[in-house]
Structure formats: C-alpha cells, structure tokens
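Here are some notes on charged side-chain pairs. Please read them with the model open.

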Amino acid sequence: MNRTLIKNATVINEGRTFTGSVLIEEDKIVAVYEGTIPVSANDAAVVDATGKYLLPGAIDDQVHFREPGLTHKGDIASESRAAVAGGVTTFMDMPNTKPQTTTFADLEWKLQRGAETSVANYSFFFGGTNDNMDEIRKLDRNRVPGLKLFLGSSTGNMLVDKKQSLERIFGEAGMLIAVHAEKEEVIKRNIAHYTGLYGEDLDISFHSKIRSEEACYASSSEAVELATRLGSRLHLLHLSTAKELSLLSNKLSLGEKNITGEVCVHHLWFHDGDYGQFGNRIKWNPSIKTLADRTALREAVNNNTIDIVATDHAPHLLSEKEGSCLKAASGGPLIQHSLIVMLELAMEGRFTYEKVVEKMAHMPAELFRVDRRGYIRPGYYADLVLVDPKETWTVAKENILYKCGWSPFEGYTFHHAVWKTFVNGQLAYDNGRVNDEVHGMEVRYS
C-alpha cells in the first residue's frame, strides 16, 4: 500500500489555519492530524512541509483546453500539465471545440481523451444549442457538471438566440445551466456606433465599450428572469460588472441558492486602465471593465455575493491576438497562475488566505456537488497543493507550460510558488517538474 505523510504544514482548510499533517493511503486522505502524529503513520513516505502552506487542490469550473480541433494552441495534455503546475487538480472544460460538444458521442470522445492524456482530474460541460434538446436528455447527470449556453457569441460561435429554444432548455433540462451572458443585439449596436464614428480599425480600448456593462446586464438579467420563472438552476459565468451583482444574493447559503455567480481572476486583477500596457493580451469576453467594477467584484467575493473564482482559461497563439479589437482573438491562458494570483492578492490584504481556498476549492465542490473533492478531509481524494509562501519568482517564457507559450503575467514577480501538487495521492508536480506518468480521474457528481 502506498502511504505518504505530509508533515508539519500550515494547513489552510474550512476557514481555519493550523499546523498539521495529512496521511494519504493510495488515492485518499485517511487522517488529518493537528499537533502530534501517531506512531502508526511512521511507515509512510514523509514529505517535510515545514514552512509550506497545504491547501486542497483548486477546482476550476471554466476552462477551454481546445481539444478537439484547436490543438495548435492547447490540448488536454498540455493544459492539464499547466493546471497541476498551478495547483489546479480538477477542471471542467467547455464545449466550444471543433466539433462542438453538443452530441452524446462527442462528449464520450472527450471523456476518453481525458482518461488517456489528462494529468489533472477532468470533466466536460455539454453544450446547449437551438435544437439539441434530445441529446441533452441522454446525459448522465453524474458525469457532467452542467449545460453550457452562450447567450452572446464568442469563440466557437455557439450562440443560442431563439426564444422558444431558451424556454425549452430552461424549462426541461433538469440540470445546472451555466451561461456566458452578453446581449448580442447590444454588442452589434455598439459595433455599428463606434465603427460609424471611427472606422473599422478600432484599438483595444473600444473593446469594453462594445462589450459593455449594458450588454452584460441585459443578458444576465434575462437569464435570471428565465431561471426564476421556470425554476431552473442557473450559474452566471465570468461576471465582470458591479451592476450584475444586483442579480445575486448572499442572504442564502450556497446549498440554498438557485442562482449562483462566478468571477475570473483576470477581472479581479486587471481593469480597463491596463489596456494601454497590455493591449490585446488582456482582451477577454466579457471585457475587462472599470476600476470601480473590479473593486465591486473583489468585495462581492469577500461578502459571498459571488460564489466561486475560476479562470476562463482560453489559450490563443499570440499571432491570433493581433489586430484591431474587432479582429484579435478574445481569451488568454491563466490556469498555471490563477491560484498564485489569488494568493498574491491575499498577501496584499484584498482577501484572506482562507477566502481564497473557500472560493477556489470548497465552494466549486459544493456548487457542482463534486464527489469527495475540494476539502482536506478523511475519506476525500488526496488532491492537495503545497505552496511556498516565501519563494519569489518571475513569470517568463522558460517557466510557462501553456502550449501557446505566453502569459499576460509575463515579467511579473510573484511571492508565492506552487511547490508540490498531489492528484489522487500521486505527486503530479514537484518543484518545477510535471510527472507525466500521473493520470487524473473522471470527476463524478452527486
């Protein structure tokens, strides 16, 4: 039997921070010790974690690993390697690939590919379209985190815009519906307005004017109305505006909420004043908004109006990010640096370390009802991350693992570093090296 003892770590888990140790047997945690370690643990391989933070592995509910069909810029193998290097042990991949994951057969292909190539634990959203309700009915709800709808066009153009289709999906799907909410009519109107004034060659500063607060709120509020009227379980992805926060509540516990919200690390880190420095590298859909929006989103994380923090990891080649704001690809690679970004913000006092763990591990597990992940508890899978809180390092080409080869954080010096990552009790990442012999498990939902 494989036994590992992680000894004398600073454990951050379930709202507490304490010096403790964790015993792993095979793929699961069997004991969490605070203080003295029993003699019975002495036959285990020991990892001395003195001075290191021990966290549950992060769960990222929104990634685009680009396989199949877009593998020149990312694939399940490459991006899952980056994930474990960043302390993310479980991911939920989105359906806007080629072909799109909108049939049962395409979902089965992805699950098989994940089993073959993913270092991290893997799961895949199913895509809703204007006409695939029959395929949605075939889904095993224990094997998918939910249904993804694009209420505004984005990469892959899976726009669902027919009122009858939306009513049917919200009324009949019987599962969590996660939405990309931007109002297509507002976006088109804004494009016509600004190109009429300034021509087609609009620079990046126009992106947040085109994909505006109005575009986001108009779509999010319509989704909330549908879900409320039809009794659906709605999850609003990558919220980017202060105004949208009025659609959410922190008056209920997460388990009691029918409408939940996510924010991504780039909307917590950047604001529209950064376009001048970073240009198209920080072009995302929804767009980066104002400093006031960023402040409101941070506060919403702290007061539990927003439920989880994720990435919307979406790699593109830098050549695809060139051109005007109407032509450059939207999205960027984030998963290797997301946990470190949040820990950096915690160091600055924006969040507590306990809040970071809550929003990146505990609450994603609760929101999606993930089976035995997201916590450091006996009986749970040993998805664990050891972080060195005193290592200073700079993001550079030579330490970036994304297949696309770049990061919006290049040149930034962080003051925390992922030291080791365990996936189901196996050491998947060790101080700069990924163990490609490790294979993650398919995530199950209860």
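The points below take the salt bridges of this predicted model in turn.

1. Overall count. The model holds 33 salt bridges.

2. Lys-403 and Asp-75. These two form a salt bridge, with the closest N and O atoms 2.8 Å apart. The pair links distant parts of the chain, 328 residues apart. Lys-403 sits in the loop between strand 15 (393-394) and strand 16 (413-414). Asp-75 sits in the loop between strand 6 (58-63) and helix 1 (76-85).

3. Arg-143 and Glu-108. Their side chains meet in a salt bridge at 3.5 Å, N to O. Arg-143 lies in the loop between helix 3 (133-137) and strand 9 (147-150), and Glu-108 lies in helix 2 (residues 104-117), so the bridge ties together parts 35 residues apart in sequence. Arg-143 is partly exposed, at 21% relative accessible area. Glu-108 is partly exposed, at 30%.

4. Arg-113 and Glu-116. Here the closest N and O atoms of the salt bridge are 3.4 Å apart. Both residues belong to helix 2; they are three residues apart, so about one helical turn separates them. Arg-113 is partly exposed, with a relative accessible area of 28%. Glu-116 is partly exposed, with 41%.

Conventions. Residues are numbered from 1 along each chain as its sequence is written. This is a predicted model: local features need pLDDT of at least 70, side-chain atom pairs count only at pLDDT 80 or more; totals for chains, interfaces and linings use all residues. Side-chain values use heavy atoms; hydrogens and water are left out. A salt bridge is a side-chain nitrogen of Lys or Arg within 4 Å of a carboxyl oxygen of Asp or Glu. Helices (H or I, at least four residues) and strands (E, at least two) are DSSP runs, numbered from the N terminus. Buried means under 20% relative accessible area, exposed over 50%, partly exposed in between (1.4 Å probe, protein chains only).
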